[in-house]
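Open the model in your viewer and keep the selection tool at hand. We will go stop by stop.

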Amino acid sequence: MSNVSGDETVSDPPAFPGRRWLLPSAVAHEFDANADAGPRGPRHRRTARDWIVDFTCFFVAVLVGLVGADAVTNNPHVPEGIAVLDQWIGALACAAVWLRRRWPVGLALATVPVGIISDTAGGACMIALFTLAVHRPFRYVAWVGGINIALIPVYFWLRPDPELSYLVAVVIFVLMTAALVGWGLVVRAKRQLWLSFRDRARQAENEASLRAEQAQRLAREAIAREMHDVLAHRLTLLSVHAGALEFRPDAPREEVARAAGVIRESAHEALQDLREIIGVLRAAEPDDTGRPQPTLAALDVLVAESREAGMKVTLDSRVTDAAGVPASIGRTAYRIAQEGLTNARKHAPGTEVTVTVTGAPGEGLEVSVSNPPSEGEVPHVPGSGQGLIGLTERATLAGGHLHHGPHDDGGFRVRAWLPWG
């Protein structure tokens, strides 16, 4: 997951750090976040795994070629000159195995006639067909593999096996070719499965980012609506009285003083409302019932309710002049402690949660909710972390900041600082 702080963004770590050499180059290239996605991008560099596989394929082609060369030399149906030519063609085919990654289709097509005229090239033909099944869609494999299977009876009709009957030899080689193609298709399907997991992970990250952006947008919209509802009335009164003074400069002194007092009082109340609204970010649902909003003094009640629900909660409150904490700041601190206790109850049941509140006028108010790691397996609880996103936005709008995440012992901590004074 990317870490974002302010305007600085830390990129995600590369997939499989330190183990990229274990992946095929094509798969490693797809997992690379900076990879060129275009079909005409630069050719992928071989990984260590690719070199091992390529050397293995080359040695297999040579080994099978040596067996084929020995067989064609001892075959009484093949003249000596044809046997020598067979071996030279087989040697060139084995060398061409190194081109299998660059031109899988071309190499597979080229080995079709080569496999008819050369026993020594049998291993190279097998490697080429296998490579085609791994690196290209099934339609290519179906055509080339079908041609190879169709030519097997022709091959044994031209070059009968000295030890096997015609029918047995044809059946064995048809089954070997089908098994080779099937193996290649399985490898290709496994790679596509890896890539589908990559795509799902990226899609999940994108969806999480979109949800976070939507949560922030909805929170800002809620604040904007509340600012409009609360401030519109007071600002309208202020505008009316200011307009009266503008159009009646000759009004009696007592009337001017009264209008000025109304303007001053309306401006003061509007400023107070604005200060309170900036510190408010409704996390779950708007509170339009008119009931008193919770403040820092209600934190004891919140902790008591959590204890009655079965939680182990320790409250450490060291606030100088707690009665002097502004209502908006106290409300924000209350919401932060409430969300922290809720998350601990959901994701670390049975652990002891510590709620710490410290601060003084001029120094700010700090709220911290922490819990150790849960013992045993915790069942999955649906949720997307939008509450923490809302708390971060709430603290920022109040002029403070909030951080959350795991700490060294494996537990989780939510810590916020809010301005006071």
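Predicted model: local features only at pLDDT ≥ 70, side-chain atom pairs only at ≥ 80, totals over all residues.

How far apart should the ends of H3 be? At 1.5 Å a residue, its 16 residues should span 22 Å, and the end C-alpha atoms lie 23 Å apart, so the two agree.

Now select Ala83, Asp86, Ile89, Gly90, Ala93 and Cys94. These residues of H3 are buried. Look down the axis of H3: its buried residues fall within an arc of 140°, so they line one face of the helix. An α-helix has 3.6 residues a turn, so residues three or four places apart point the same way.

Which residues sit on the face of H3 turned away from its buried side? Select Glu80, Gly81, Trp88 and Leu92, which are exposed there.

Next, show the neighbours. The buried residues of H3 pack against helix H2 (48–73), helix H4 (104–117) and helix H5 (122–135).

Move on to the largest nonpolar core, which has 30 residues. Leu296, Val357 and Leu365 have the most contacts inside it. Colour the elements that give two or more residues to this core: helices H9 (299–308), H10 (327–347) and H11 (386–397), with strands S3 (312–319), S4 (352–360), S5 (364–371) and S7 (412–418). H10 gives the most, with seven residues.

Zoom in on Leu296. Leaving aside residues up to four places away in sequence, Leu296 touches Val319, Val325, Gly330, Ala333, Val357 and Leu365.

Technical notes: Residues numbered from 1 in each chain as written. Heavy atoms only, no water. Core = buried A, V, L, I, M, F, W, Y, C linked by side-chain atoms within 4.5 Å. Buried < 20%, exposed > 50% of the residue type's maximum accessible area, 1.4 Å probe, protein only. Helix = DSSP H or I, 4+ residues; strand = E, 2+ residues; numbered from the N terminus. Contact = heavy atoms within 4.5 Å. Expected span 1.5 Å × (residues − 1). Arc of directions from axis to C-beta.
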